[in-house]
Amino acid sequence: MAIKVEHEIHQRRKGRNFGVLALLIGFVGLVFALTVVKVLELGDAKKFENFDHVARPAIVPEEGASE
Amino acid sequence: MTDMTAHENPYEAGMGDYFALLKPRVMSLVIFTALVGLLVAPVPVHPFIGFVGVLCIAVGAGASGALNMWWDADIDAIMKRTAKRPIPSGRVQPGEALGIGMALSGFAVVLLALATNLLAAGLLAFTIFFYAVVYSMWLKRSTPHNIVIGGAAGAFPPMIGWAIATGSVSIESVLMFALIFMWTPPHFWALALFVKTDYGDAGVPMLTETHGRDVTRRHVIAYALLLVPVAIGLGFTSIGGPIYLTTSVILNLWFVKGSFDIYKRNDAAADADNYAVEKHVFKVSLFYLFLHFGALLAEAALRPYGYGGW
């Protein structure tokens, strides 16, 4: 019996590896799309863009009005 | 020593073997009923969130199938119908099935909670627990009424679909649950009457073997009659309407008539025509469930045009 480099078991492992790859890409895509949908459902961005962990004086109306 | 040493190790499963653990055919019914529960609810859901919700329910159902196959591998190996499943046939190791079942259960429940709400996720977690623990580990091998109580696991999906949309449980979702719950026993026992099973060899008590086939025939008609008020009652809720009610009345007459035919005859008569009536009623039962949920969907689809509902 000739020694074959590519055994049937390698084919099966390859299929399994690509299957896992597809599942992982799918999962990342799912979470990303879900995030986009959830954020867009929040509505008007002005309502929550203040809470950005970054000081943004330009979007605070009171300070702008006092100058 | 040759290059064939790989054969000495356990068979390495392919992707398809793992997929078979999830019981794809059962999953299709789960997807359909969950989708109907979601779409008939009065609160609109973003299509993508709805898709993720139904996906989570399907994956959760698949995960409970994998846990069931892990627990039941010993009896699956004895019975002809199940001997070719991935674990008894040696394609998947029991530990792998347990791991996949647990991991996918966690994935489905957590993602459903994040994407929709805690009630829907809690119901899904309970469904998985009910199928894997209450049905598979406890009831299946201990009582001939295993199918009656175990049927609850298959009845939850429309209730979860409804909870995804509304965040609540209501009379409509409870009746959708009850419809599948009450439908499962006569559907399954009609099948058990004409399929020669080897549950007895595997030590699983089935009504046909513990109490006899005549008792099973009586149970089919009894549950078919108990199913009628549930199915008709759903027609008078907010998701019912003339289309549903008409469909339901016709289907219930058809199903009760068939179940009565099963009740009237005995095994001698059934042997004579190769269980034609039992096979017919089993087919009717499939139409019964599909068309009931189809009619609910039709009511919901026509509502925006002023036709569906009351």
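Me: How do the residues of the lining of the second largest pocket divide into nonpolar, polar and charged?

Reply: The lining has 16 nonpolar residues, 1 polar and 2 charged. Here Ala, Val, Leu, Ile, Met, Phe, Trp, Tyr, Cys and Pro count as nonpolar, Asp, Glu, Lys and Arg as charged, and the others, Gly among them, as polar. Bear in mind that this is a predicted model: local features need pLDDT of at least 70, side-chain atom pairs count only at pLDDT 80 or more, and totals for chains, interfaces and linings use all residues. Residues are numbered from 1 along each chain as its sequence is written, chains are lettered from A and ligands numbered from 1 in the order written, and side-chain values use heavy atoms, with hydrogens and water left out.

Me: Which residues lie nearest the centre of the second largest pocket?

Reply: A pocket is an open set of points on a 1 Å grid over the protein atoms alone, where a 1.4 Å probe fits and protein lies on both sides within 12 Å along at least five of seven lines; lining residues have an atom within 4 Å of a point. In this one, Leu23(A), Met15(B), Leu22(B), Val59(B) and Leu104(B) lie nearest the centre, out of 19 lining residues. The pocket holds about 740 Å³ of space, a volume filled by probe spheres set on the grid points, which are joined across faces, edges and corners.

Me: Which helix gives the most to that lining?

Reply: Helices are DSSP runs (H or I, at least four residues), numbered from the N terminus. Helix 1 of chain A gives the most, with 7 residues. Helix 1 (15-20), helix 3 (47-71) and helix 5 (94-115) of chain B each supply at least two.

Me: How many residues of chain B are in contact with chain A?

Reply: Contact means heavy atoms within 4.5 Å. By that rule, 21 residues of chain B touch 19 of chain A. The two chains bury about 1,700 Å² between them, 70% of it on carbon and sulfur atoms; buried area is the accessible area (1.4 Å probe) that two parts lose on being put together, summed over both.

Me: How many salt bridges are there between chain B and chain A?

Reply: You look for a side-chain nitrogen of Lys or Arg within 4 Å of a carboxyl oxygen of Asp or Glu. The count between these chains is 2. Glu12(B) pairs with Arg13(A) at 2.5 Å, N to O, and Glu12(B) also pairs with Arg16(A) at 3.5 Å, N to O.
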